[in-house]
Amino acid sequence: MFKKIIAGIIIVAISVAGLGLVTKLLEPKYMSGILEGAMIKEYYDDPTEHDVVFIGDCELYENISPVYLWENYGINSYIRGSAQQLIWQSYYLAEETIKREHPDMIVFNVLSMKYNEPQNEAYNRMTLDGMKWSKSKVDSIKASMTDEENMVEYAFPLLRYHSRWNDLNEDDFKYLFHRDKVSFNGYYMRVDAKAAEDVPEGKPLVDYQFGDNAYYYLQKLKDLCKENDVELVLVKAPSLYPYWYDEWDKQMVDFADDNNLTYINFLDLQDEIGLDWAEDTYDGGLHLNLSGAEKLSKYFGNILSEDFKVPDRRGEKDLENYWKTVENRYDAEIARQQGNLEKYGSVHSPDEK
Amino acid sequence: MLFTSYEFIGFLIIVFAIYYLIPKKAQWPFLLVASYTFYLLADPRYLIFIAITSLTTFYAAKLISDKKEAFDVWFKEHKKEYEKEERKALKAKEHSLEKKIFLACLLFNLGILAVTKYTNFTIANVNSLLSAFGRADGISFVNLIIPMGISFYTFQSMGYLIDVYNGKHKAQDNLFKFALFVSFFPQLVQGPISRYHELSETLFAEHKFDWKTVSFGLERILWGFFKKLVIADRILVAVKAIIGEPDTYNGFYAFAGAMFYALELYADFTGGIDITIGVAETMGIKVTENFIRPYFSKNIKEYWNRWHITMGTWFTDYIFYPISASQFMMKLSKKSRARLGNNLGKRVPVYLSSFIVWFTTGIWHGASWNFIVWGLGNFVVIMISQELEPFYRWFHSKVHVAGTFGWRLFQVIRTVLIMSSLRMFDCYRDVPLTFKMFGSIFTKSGLSQLNLESFMEMGLTNYDYAVVFVGMVVLVVVSLIQRSGSVRGKIATLAAPVRFIIWYGLFMATIIFGAYGIGYSASQFIYNQF
C-alpha cells in the first residue's frame, strides 16, 4: 500500500512537472521583437513602494521615463502598461497595485476610453498573462475575453500556446526559466527618430460619445482611488495619432470637473513641453522616443513635484541601490541602441528579430 | 456542447464525480438528469422532441407488450375451448390491434424525423419539378429546427419498438429507465445505435468504482481525443481547401482530397465513438462497438460489416429482412422466377430490397441527393461485386494468388479506393461536381500537375503533414496490434513505467499536437450532423 502511494505521488509529480515544463517552453517569451508582452510581469520584481504609478497603454509606457523622474525629481514611479491596454485592464491593474503597495498617486492615460468592448486576444494575452493570479486577474480576464477566448486557456496556458510547437526558436529554450528585463520600470525605450509628417486628421465619427462600459470602469477607477485615498490624475499623452477628438476631450474635461479630478491634456501643452516632432518621435508621431519622453517627463515631473508635492526620495539607501541598477541598464540600453543606429541605421542589430 | 469542448470535459468531470458519490440506486436516475441537462444545454427546444419520442414509444411498446402478455396468458388457459381455425382468427385479431398501435407509433416518430429533416429537401425537389414545367413560383422553404441526434435516437427507439412488437423482449416498465435508454448522453449525438437488450444490461445496473474499468474508459477517451484532435481536425484544413476550390484542386488533388477525407472521416467518427464508449465505460456501462478496423476490409460487403456496424445491422434487421420477407417480395419472387428463370428471378427481390436499404441509408445520412447517390453507389458496387463472383472464382482457379499477402493487400487497397471514391459524394455535396472531380482524377492527373508546394498552400505546413503522417502510422500500428486482442489489455500487462510513458505520451501528444483552441475553428464531429 505504501509503495502504491509513493508510486502515485511520483506519477503525479512527474506528470505535473512535465506539463509545467512544456508550458514554460511553449509560452511566448517576448524577449525579442514584441517586447511589450513581458512588461506587466516585470513589475513584481520591483521591491520598492512607489509614490506614483502610471497605468495605461503605449501612450504611457513609451512616453514617460521613470528613470528621468527619479534622477531629476527623486520620484519613485512605475508604469504598469501594455499594448492596447483596455480601461478595464487598467482598472484591475490599479486594484491589484493598490492592494500590493498603496501608491500616493495613480496617473491614468485616457486614450483607452475609446474602446467599449473587448478587442483582441493577442493584446489581451500581453496584458493578462503577466499578472499574478488574484481576484483582480480573474476579473480582468472575465472583462477582457473576446468570444473566441476561454478562461480555461488562461488557467492552463498550454491549451492556448500548444500550437507554438512548430514555431519554437532559440529564445524559447534560452528563456525557459528566466527572463531578461525589457523595460525600465515599465518604460519602453527607443532612441531613434522618425519625424511626424503628414499626420492624418481624424475622420469624422458617427458617434463621439464614449461607451457605457468604458465610463463604468472610469467611474470604478475613480471610486477605487477615492476609497483608498489615492490621488487619481487623468492625462492624455501628447501622441499625435491615434487622433484625439475635441468631443472626446470635452467628455474627459467634464468627467474630471464633475468628479473633482485633475485632467491634463498634454496635446495642448506641446510647446510648453518643448516637443519637436521632427526629433522627438520614433514612429512619426504615434509614440515619443527617448528625447521626447524625457521632455515630457521633465514637464510632468515639475507638476508632480510642485503641484502634487510628490516627495523627493533620493537619499533613501534602498531606493538609491535599486535605481542604480535601473540607471545602469538604462544607460547601457541607450548606448546599445545608439551604437546600432550608427552601425546599422536601426536600433535593432541584424540578428534581432 | 461538442465532445472536444472544455464545457464537455467540465460536464464529464462533474457527472463522473457525482455518479460515484451518490448512492448506487440513484446512479441511473442521475444519468437521466445528466443526459437531459446535456440536451437542454444544446437547445431547450430539443427536449420536447426527445420527450415526445420517449413517451410515445414507451407507451406504445408497453401497450403492445402488456397486450401480448395478457393474451398469451388468456390463450394458454382457453385455447382448448377453440378449434384450430378459431384460434388462428383470435391470434390474428389480437395481432391486428398490436399492429395498429405499432404502426401508429412507428409512423408518428418516423414522421417527426421526416418532417424535421426532410421537409426542405422535399420542397426543393418539388420546386425543381415545378420549375421544369415552367412554374417559377415555388413553395417557400420552412424554418424548422432539427433536434440534435434525432436520426440516432429515433432509430434506437424504433429498433426497441420493433423488437417489442416482434416479441424479442418485453417492454421496459419504467418510463424513466426507457427515457434514459433513448437519451443516454454519450451516445445521443453520434451513436452507436444501441439495442435495448444490450445496453440495458449495464445501463440500469449499480456500479461501484473500479479503478481498472475507470482507467480503461479514460484510456479509450484519450485515444478518441488523439484521433479527433491530432489527425481529423488537422487534415480537415487541407480537405476543406481541396473541396472549396475544385477549379484549382482537381485531378491528382481531387484524389488526394478523397484520401485525406478517408483519413479524416475515420479519425473523426471512430474518435467520437471511442469517446462515447470510453465515457460509458468509466461509469461501468457497456456500449456496443461500432467499428472493427474497417480499412482492413477486403471487399465492400466486409467493409460494411466493420464500419458503423450498429447502423448497418439496424438497416439489415429492421428494413432489409422485413422487406425481403414481406408478402409483396414473396409474390415478386415467384413472378420473377417464372418470367426470368430461377437464376435471375431469385435475385430480383434481393436486389430490390437492397436498393431500398441503400436508398434509405443514403437519405438517413443527409437530406440531399449526394447522399442518396452515395447510398445507391454502394448498392451498385455491392451488386456488381456479387455478379462478378463467378468471374472471381474462375480467376482464382487460374491464378493462384488468393490468400497471399500481396493479394490481401491488393484487396484492402482496392476497398479503400472504392469507398474513398464513393465518399467523394459526401465530400463535394454536389452530384455533378463529384462526377466531374472523379473524372478529373483520370483526365487531369499527371506528373506535371503534381506540385508539392500546392499542398503547403492548403493551410497546412510541412510540420502539420508530418504530424498527420505520424498520427496515421500510430493508427495503423494500433490497428495491427488490435487484431490479436485489446490494445489496452496488452498495455495493462506491461511494467508500470512503460504504461505511464505510453499513456502520458499520448496525453501530451494530444495536448500539444491537437488542432484546437484559438487559431483552429471548433470542428463539429461529422456524424453529429445526422
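Predicted model: local features only at pLDDT ≥ 70, side-chain atom pairs only at ≥ 80, totals over all residues.
Chain A contains 15 helices and five strands. Its radius of gyration is 21 Å, close to the 20 Å given by the globule rule for 353 residues, and chain A is therefore as compact as a globular protein of that length. The C-alpha trace of chain A extends over about 75 × 50 × 45 Å along its principal axes. Buried positions account for 38% of the 353 residues of chain A. Of the contacts in chain A between residues at least 6 apart in sequence, 81% connect residues at least 24 apart.

Helix α7 of chain A, spanning residues 135-144, has Ser136(A), Ser140(A), Ile141(A) and Ser144(A) as buried residues. Viewed down the axis of α7(A), the buried residues lie within an arc of 135° and so line one face of the helix. In an α-helix, residues three or four places apart point the same way, because there are 3.6 residues a turn. The buried residues of α7(A) pack against α5 (87-100), α6 (121-128) and α8 (151-155) of chain A. On the face turned away from this buried side, α7(A) carries the exposed residues Lys135(A) and Lys142(A).

The largest nonpolar core comprises 111 residues, and those with the most contacts inside it are Leu161(B), Ile235(B), Ala238(B) and Ile242(B). Helix α9 of chain B (residues 252-282) gives the most to this core, contributing 18 residues. Apart from this core lies another, of 67 residues, which includes Ile55(A), Tyr91(A), Met105(A) and Met113(A).

Definitions and conventions
Residues numbered from 1 in each chain as written. Chains lettered and ligands numbered in written order. Helix = DSSP H or I, 4+ residues; strand = E, 2+ residues; numbered from the N terminus. Rg over C-alpha atoms; globule rule 2.2 N^0.38 Å. Buried ≥ 20, exposed ≤ 12 C-beta atoms within 10 Å, placed from the backbone. Contact = placed C-beta atoms within 7 Å. Arc of directions from axis to C-beta. Core = buried A, V, L, I, M, F, W, Y, C linked by C-beta atoms within 7 Å.
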